[in-house]
Amino acid sequence: MEALAKNAKFQGRRGPVVLVIMDGVGIGKYKEGDAVLDSNTPFLHKLMETMPMTTLKAHGTAVGLPSDADMGNSEVGHNAMGCGRVFSQGAMLVSEAIGSGKMFAGQTWQELIATAKAGGTLHFIGLFSDGNVHSHIDHLKGMIEQANKEGVEKIRIHALLDGRDVPETSALDYIDPFEEYLAAFGKDYRIASGGGRMVITMDRYGANWDMVRKGWETHVAGKGRYFKTAHEAVETLRAETKAIDQDLPPFVISDDGATPVGAIADGDAVVYFNFRGDRALEISQAFDQGDEFKQFDRIPMPKAYYAGMMEYDGDLHIPNKYLVNPPEIDRTLGEYLAASGVTQLAISETQKFGHVTYFFNGNRSGMFNEDLEKYVEIPSDVVPFEQRPWMQCALITDEVCKAIENNEFQFIRLNFPNGDMVGHTGVYQAVQTSMAALDICLERLYNSVVKAGGVMIMTADHGNADDMYEHDKSGAVKLDKAGNPKRKTSHSLNPVPAIIVDPESKGEYDTALNSGLGISSIAATCIDFLGLTPPADYDKSVINFK
């Protein structure tokens with residue numbers, strides 16, 4: 001890796017370049033339900049009104065997803081910002097592998113089928129929706145149809161209910177037609193277990209391993225509350241708990257009320273069909289790791305053939321077997337800066353720590369140069385985010401302000417998770433509180449940057465808090481049965497801001513920033529402000545030097 005050339009037009013500022021990623025903070029399309037606009041955030045709005053600003057695309061083809069109907073997410077967003085270019089991402093890669101048949105010609109698929117046909121059951125575990133952020137139900141159908149063609153007689157589905165990337169109480173819109181779909185094969189194909197994605201299985205970053213333990217009990221051991229059908233389970237659990245889909249308790253399907261229809265046993269084959277990595281790593285480790293696995297007691301521990309949809313961690317090689325190769329992302333911003341001798345700090349709390357490190361570095365674990373880089377993880381609270389909507393933004397800010405004031409790093413990147421993680425709860429008041437807390441932190445960072453003579457680049461990986469209500473095609477807010485606005489818990493399709501705070505500007509560049517770009521332009525923008533020259537094939541910066 002060669003060092004970046006110096007920029008002949010600009011030598012940089014005396015202070016650091018600070019990239020502030022306001023996770024889930026987009027530019028809303030509708031006034032009603034825009035909690036970014038409708039919160040006590042005077043400082044953010046002052047910056048939007050007085051500083052050079054443009055908007056960036058953060059969804060669909062601009063971040064490597066199949067179509068512009070696909071919402072962005074934190075993984076692809078940080079990939080794009082960190083590598084400065086757009087790569088085909090998980091959803092598109094899987095769709096192409098299934099559509100072309102490439103997946104089914106691979107050794108992993110063939111071994112899965114051979115295992116199932118040798119007397120075992122073929123199990124599929126994953127997020128059961130068409131949200132296309134972690135998974136897509138069409139991918140599941142494509143694999144079931146191929147397994148049927150190849151003579152697999154017994155299939156079991158372990159459905160993680162969404163209500164986060166899709167409407168919050170839409171589970172039966174997927175379950176009911178899917179039951180009919182399975183029945184049409186005329187084989188022993190059934191839903192075997194399930195539960196809300198924020199309750200079982202889909203933990204990330206080691207924040208709450210008990211979720212994975214509950215998932216193991218549900219999918220593998222077949223332990224839990226029995227129901228005759230998934231439809232009955234969802235209706236009953238909703239009535240009892242009043243919870244939305246992502247928070248529904250686990251359930252197990254049983255015909256006789258005593259025996260699970262789909263516990264995972266010796267000789268079975270298992271596919272975890274999520275393509276996104278963050279909420280796939282822990283369940284994969286539970287299946288793959290032998291005696292070194294210490295997070296919980298895996299009882300039983302069947303001798304099953306396990307495969308993930310993708311290789312979720314290319315450095316740690318998790319899982320051992322996978323169906324589709326992840327995007328090969330090279331020459332990232334972090335790698336170029338390390339080669340150029342730039343000192344770097346990456347920091348967030350647990351919920352987004354992997355995003356400003358692993359995903360920002362092109363799905364790569366570890367540092368490029370330990371002498372130049374420092375990664376700081378602030379532990380997240382293990383409580384529902386609507387109960388702690390400020391999250392750890394103050395502690396993140398403490399660390400960054402100290403680093404700025406001590407002149408420790410030339411480039412600092414940080415992620416404030418508030419707008420996204422609290423946005424996913426659908427609790428409007430909590431989102432307002434989370435945004436107000438963020439606003440206080442932004443002003444603190446601003447004051448430190450001004451004092452140090454640095455530059456602050458503010459943006460987001462995607463929207464969320466900017467679109468908290470469901471709207472119809474006319475733009476009107478949809479109402480629930482009680483006449484209240486229907487909550488929206490998924491990411492938005494809205495653009496995100498790119499705000500430049502450069503207090504020691506001498507007019508070296510136009511204050512009218514480039515428009516029509518995607519968040520992949522953030523990498524070149526950071527390089528510009530560091531006084532270096534971006535690689536020729538990076539997407540162009542938001543600034544134009546005079």
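This is a predicted model: local features need pLDDT of at least 70, side-chain atom pairs count only at pLDDT 80 or more; totals for chains, interfaces and linings use all residues.
**Helix pairs**

The geometry of the two pairs is listed below.

| Pair | Axis distance | Crossing angle | Handedness |
|---|---|---|---|
| α7 (residues 171-183) and α9 (residues 230-241) | within 9 Å | roughly 160° | left-handed |
| α8 (residues 209-221) and α10 (residues 281-288) | 10 Å | about 55° | right-handed |

The axes of α7 and α9 cross at roughly 160°. Angles over 145 degrees count as roughly antiparallel, and α7 is therefore roughly antiparallel to α9. On the α7 side the contact uses A171, L172, I175, D176 and E179, and these meet A230, H231, V234, E235 and R238 of α9. By class, the residues of this contact are five nonpolar, one polar and four charged.

Helices α8 and α10 pack at about 55°, so the two are oblique to each other. From α8, the residues W209, V212, W216 and V220 take part, while α10 supplies E282, I283, Q285, A286 and F287. The contact of α8 with α10 comprises seven nonpolar residues, one polar and one charged.

**Helix α12**

Helix α12 spans residues 350-359, and because 10 of its 10 residues are buried, it is largely enclosed by the rest of the structure.

Note on methods
Residues are numbered from 1 along each chain as its sequence is written. Side-chain values use heavy atoms; hydrogens and water are left out. Axes are lines fitted to C-alpha atoms, for helices over the stretch in contact, and angles run from 0 to 180 degrees between N-to-C directions. Helices (H or I, at least four residues) and strands (E, at least two) are DSSP runs, numbered from the N terminus. Angles under 35 degrees count as roughly parallel, over 145 as roughly antiparallel, 65 to 115 as roughly perpendicular and the rest as oblique. A crossing is left-handed if the near helix is turned anticlockwise from the far one by less than a right angle, and right-handed if clockwise. Contact means heavy atoms within 4.5 Å. Ala, Val, Leu, Ile, Met, Phe, Trp, Tyr, Cys and Pro count as nonpolar, Asp, Glu, Lys and Arg as charged, and the others, Gly among them, as polar. Buried means under 20% relative accessible area, exposed over 50%, partly exposed in between (1.4 Å probe, protein chains only).
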